[in-house]
Amino acid sequence: MRLGGAGRRLTEENVELRRHQRRNYALYGRWYADPEIWHLTSWSPSPPTPDSVRRLFEEREGSRTEESFAIHPRGDPEPIGVISLINISRPNASADLSVIIAPRGMRHRGYGSAAIRALLHYAFEELGLNRVGLSVFEFNAAAIAAYEKLGFREEGRLRRAVRRDGRFYDAILMSILKKEWETRED
């Protein structure tokens, strides 16, 4: 099942997840090219160009294996981040999660966690998925703590899989299963 129309919104606490508007692709390009966001979230060896980010989001518009949303504080017309289910495998009932909150002043205020809760509800209840996974770099302690609080469990590590500042770091693989989501204690 895919969301119909650009007007459909997923809501949770203080956030709304809305379908992307093309006018925001240039903003996303600036976010993803930001060295800090790249450092914390990207597998690429260097920050992407804004044009490559625009193309990525244009491709996502018609994708059958990705569901992507802009994160908005509830009632705010301007997005503060992006959250996506990628690599959706319907035969395996699984997908991977990707999320960024871009403006520094909006981080650590609960928007990312609320957006993940909204997306997990959609993934498990509407898409019928059984597993949502993610990868996070070992130096991103704040993200790891947030994922654990949401019920994600460490599955393993890709040892020394990402290079930052001349050093190699582990990528931690985490996931949450539908059964774990349904029995979590908020």
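# Reading helix packing and burial

Colleague: Leaving aside neighbours within four places in sequence, which residues is Phe 124 in contact with?

Modeller: Contact means heavy atoms within 4.5 Å. Setting aside neighbours within four places in sequence, Phe 124 is in contact with Leu 129, Asn 130, Arg 131, Val 132, Ile 176, Leu 177, Lys 178 and Trp 181.

Colleague: What should I know about the model before going on?

Modeller: This is a predicted model, in which local features need pLDDT of at least 70 and side-chain atom pairs count only at pLDDT 80 or more, while totals for chains, interfaces and linings use all residues. Residues are numbered from 1 along each chain as its sequence is written, and side-chain values use heavy atoms, with hydrogens and water left out.

Colleague: Where is Phe 124 found, and is Phe 124 buried or exposed?

Modeller: Helices (H or I, at least four residues) and strands (E, at least two) are DSSP runs, numbered from the N terminus. Phe 124 is found in helix H4. Buried means under 20% relative accessible area, exposed over 50%, and partly exposed in between (1.4 Å probe, protein chains only). At a relative accessible area of 0%, Phe 124 is buried.

Colleague: How many residues of H4 are buried?

Modeller: H4 is mostly covered, with 12 of its 16 residues buried. Among them are Tyr 111, Ile 116, Leu 119, Leu 120 and Tyr 122. Arg 117 is also buried.

Colleague: What span should the 16 residues of H4 have?

Modeller: The expected span of a helix is 1.5 Å times one less than its number of residues. For H4 that should be 22 Å, and its end C-alpha atoms are 22 Å apart, which agrees. Gly 128 follows H4, with a positive phi near 75°.

Colleague: How are two packed helices described?

Modeller: By the angle between their axes and the distance between the axes. Axes are lines fitted to C-alpha atoms, for helices over the stretch in contact, and angles run from 0 to 180 degrees between N-to-C directions. Here, the axes of H4 (residues 111–126) and H5 (residues 141–150) come within 11 Å and cross at roughly 40°. That makes H4 oblique to H5. Angles under 35 degrees count as roughly parallel, over 145 as roughly antiparallel, 65 to 115 as roughly perpendicular and the rest as oblique.

Colleague: Which residues make the contact of H4 with H5?

Modeller: H4 supplies Ser 113, Ile 116 and Arg 117, while H5 supplies Ala 146, Tyr 147 and Leu 150. By class, that contact has four nonpolar, one polar and one charged residues. Ala, Val, Leu, Ile, Met, Phe, Trp, Tyr, Cys and Pro count as nonpolar, Asp, Glu, Lys and Arg as charged, and the others, Gly among them, as polar.

Colleague: At what angle do H1 and H3 pack?

Modeller: H1 (residues 25–33) and H3 (residues 50–61) pack at about 125°, with their axes 8 Å apart. They are therefore oblique to each other. On the H1 side, the contact is made by Tyr 25, Tyr 28, Gly 29 and Tyr 32; on the H3 side, by Pro 50, Val 53, Arg 54, Phe 57, Glu 58 and Glu 61. These residues divide into six nonpolar, one polar and three charged.

Colleague: What covers the buried residues of H1?

Modeller: The cover includes H2 (35–41), H3, and strands E3 (67–73), E4 (81–89) and E5. The buried residues of H1 are Tyr 25, Leu 27, Tyr 28, Gly 29, Trp 31 and Tyr 32.

Colleague: Where does Val 99 lie, and what is Val 99 in contact with?

Modeller: Val 99 lies in E5 (residues 94–101). At 16% relative accessibility, Val 99 counts as buried. Beyond its neighbours within four places in sequence, Val 99 is in contact with Thr 41, Ile 71, Val 82, Ile 83, Ile 116 and Tyr 147. Thr 41 is 58 residues from Val 99 in sequence and 8.4 Å away, C-alpha to C-alpha.

Colleague: Where is Asp 165 placed, and is Asp 165 buried or exposed?

Modeller: Asp 165 is in the loop between strand E7 (153–164) and strand E8 (167–177). Asp 165 is exposed, at a relative accessible area of 70%. Its phi is near 50°, a positive value in a residue other than glycine. Glu 13 likewise has a positive phi, near 45°, and sits in the loop between E1 (9–12) and E2 (15–18).
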